[in-house]
Amino acid sequence: MNSGDRFVNTLRKVNYPKASKLNGEDFDWLFETTDAKSFLDWFCASIAEQNVASEDKLQAINELKESGKALLDEKALEEVMKTCKSSSSKVSALEEVTVEKLEEELSNLQKLRGLHLHRRNKLQMMASANHHSCLKFKDIEDKEAKALNETLSDLQVIGNKMNRELQALLESIQRLISFYCLDEKDPTSSSSPPIFLFQVLLDKYLSCEEQSTATLTQFTKEHFLENLSKCREETNKDFKRIQLDGDSQDDPALEEKCKETMRLQVAYISARHKLIEAKAKHSSLMAGLQWVEANASAAQSKAFRKDKLTLRISSLKDETSKIENHIESIKKETLPALVRESSQRLKMPIVKREYDMQIDRYHLYTSRQELVCHHLMKQKASFELLLLGFELELRKHRTVNRQLEALIQKLRQSADSLEARLMMMSEGPLLVSTKPRINIDSRDSAAHGLFELLDGDDTQKLFRTYSGLESLAQKLSLDTQSLKDQLAVSEQEQSLYISKLESNLKTLQDYMYPDGSELMLSTPELSSNFQQLYSHLDKLNKILLEVLEDLRIKRKILQSSRFDRLEKQLYVYFFQNEELLKSIVQNLESQAERFAS
């Protein structure tokens, strides 16, 4: 129960008429003062209904006050009761009291009255001083309450801000967790679509790849593995067909073809041999006829000499024998080889056809292999792309994991430092004390660290005061203010420099863009110089073209005229080697003299 509620309940016990209208919370402030708290605690604990005066007693006291008689306090009443006898004493005893005793009692009473007056004055002074202190403390209390309320409002704002930030952090963490953790009941639901690649289900993709692999395997078995033996057999047959003059006992059809080819070769050789002999005879007859026709007129017109004719016939016989020998050698050695080589060409169309069939077959197998390779490369590329995506995502997850671990480490360090700070602040020397402190406690490491940080001196000192810490803080504040002033001055100077730079930039821009749209990269003087230079370059180019044309004409003249070429060579010797020119001239002069002689 609150203190104000206890006070109101006590008033209800003593039958205070207006107790029902009172609120206990309105009297809580009475128990916060040091002077009234003890009295109010005693009042609430001790006062009951029997301690309240009745109406008769109150009326008697009021009548006594109205009569003007003095009221004595408790101590005075005790002294009076000691001096007075009981009401049952007899009148004779009162008559026996002497005047001296009464005078002594009067003097004692006067002394007691002076003592009470002195005490009253002293108590009045103490009450006025206490009242003044209460007013002073009330002002201080108001100020401290105002500062406390401001601090509480600031702390409440900071707390609300921290709560909002923590709530935002919690929502961010929940979103992050939702990114990594999908719904376990239905991972493929649209309410939680996959964010990362590892969350995507690859069952459909893997089933498609397995079907494609199975189809490719079946295709490979059908067109490569099963037909490999057929391909080898056909290749062997092709080679046997190419080598028709080889051993062909394994295949009767092939053997028959080889025999037919050999018969064709023999018939071709014999027919070619007869044809060559017939052509040779025909050529010899034609040559003889031409010779007879050429020499018949000469033999008729001129005188015929038998000895010369005989000599001529013998020489012709010798030449004829040589020619016949040469013809025999050609018929026995050269002609059979040539005819045999020519017969070998009969099987060239067959060989070409076999080679063409084999090439077509190889092209077919190559196209199928390329198709299989293309499909395998496509499948491998898809797998590698998927693997690359997983590797990249793994790297990103590792980076996020490292960052989260670093953040957790920092949070743990912050929590440890906060806990250490709270433990340090909860120590006895750092608690709020009623007595003002001058020296910093040796166990107050935070204040000592702050003092060393502000002072810059890490040497251990015996005494460090709060006033010295306050002076260092004031010095730091003054230094901060001076730095702020210097920073403001530097900012003003920087703004001035920036304004100057902007004005210079504006001037440069106006100079570079005189028309506002076209950039001018050169001055008029420089552009005129460039124009002159360009004109000189054009003239030089024309001169070079003329020189090249002249050189071309001269080269053409030199190529067509030997004399001009010799003249050019002499000019070259004249300008480069005079000794050689002299020797050439002397040699020519000697040749001319020899020719003239």
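Predicted model: local features only at pLDDT ≥ 70, side-chain atom pairs only at ≥ 80, totals over all residues.

Trainee: How many salt bridges does a search of the whole structure find?
Mentor: The search finds 3 salt bridges.

Trainee: Which residue does Lys380 pair with?
Mentor: Lys380 forms a salt bridge with Glu384, and their closest N and O atoms are 3.9 Å apart. A salt bridge here requires the nitrogen to be within 4 Å of the carboxyl oxygen.

Trainee: Where do Lys380 and Glu384 lie?
Mentor: Both residues are in helix 11, which covers residues 348–425. Lys380 and Glu384 are 4 residues apart, about one turn of the helix.

Trainee: Is Lys380 buried, exposed or in between, and what about Glu384?
Mentor: Lys380 has a relative accessibility of 47%, so it counts as partly exposed. Glu384 is also partly exposed, because its relative accessible area is 44%.

Trainee: What about Arg552 and Glu549?
Mentor: Their side chains meet in a salt bridge, with a distance of 2.3 Å from N to O. Arg552 and Glu549 are 3 residues apart in helix 14 (residues 524–560), so about one helical turn separates them.

Trainee: How accessible are Arg552 and Glu549?
Mentor: Arg552 is partly exposed at 47% relative accessibility. Glu549 is partly exposed as well, with a relative accessible area of 36%.

Trainee: And which residue does Lys554 bridge to?
Mentor: Lys554 forms a salt bridge with Asp550, where the closest N and O atoms are 3.7 Å apart. Lys554 and Asp550 both belong to helix 14 and are 4 residues apart, about one turn of the helix. Lys554 is partly exposed at a relative accessible area of 46%, and Asp550 is partly exposed at 37%.

Trainee: Changing topic, which residues gather in the patch of negative charge?
Mentor: Glu32, Asp139, Glu141 and Asp142 gather in that patch on the surface. Asp139 is found in helix 6, residues 99–180. Asp139 is partly exposed, with a relative accessible area of 47%.

Trainee: Which residues form the nonpolar patch?
Mentor: The patch consists of Leu148, Leu152, Leu155, Ile158, Met162, Leu166, Leu169, Ile173 and Ile177. Together these residues have about 850 Å² of accessible area on the surface.

Trainee: Where is Met162, and how accessible is Met162?
Mentor: Met162 lies in helix 6. At 47% relative accessibility, Met162 is partly exposed.

Trainee: Which residues does UniProt list for "coiled-coil region"?
Mentor: The unreviewed UniProt entry lists residues 92–119 and 394–421 under that name.

Trainee: What does the chain look like over residues 394–421?
Mentor: Over residues 394–421 the model is 100% helix and 0% strand.

Trainee: How far is Ser442 from Phe463?
Mentor: Their C-alpha atoms are separated by 8.4 Å. Along the chain, Ser442 and Phe463 are 21 residues apart.

Methods
Residues numbered from 1 in each chain as written. Heavy atoms only, no water. UniProt positions renumbered as here; feature names shortened; annotations may be inferred. Helix = DSSP H or I, 4+ residues; strand = E, 2+ residues; numbered from the N terminus. Buried < 20%, exposed > 50% of the residue type's maximum accessible area, 1.4 Å probe, protein only. Patch = residues over 30% accessible without salt bridge, like charges linked within 9 Å, V, L, I, M, F, W, Y side chains within 5 Å. Areas by Shrake-Rupley, 256 points an atom, 1.4 Å probe, with all protein chains shown as cover. Lys, Arg positive; Asp, Glu negative; His and termini not counted. Charge placed at Lys NZ, Arg CZ, Asp CG, Glu CD.
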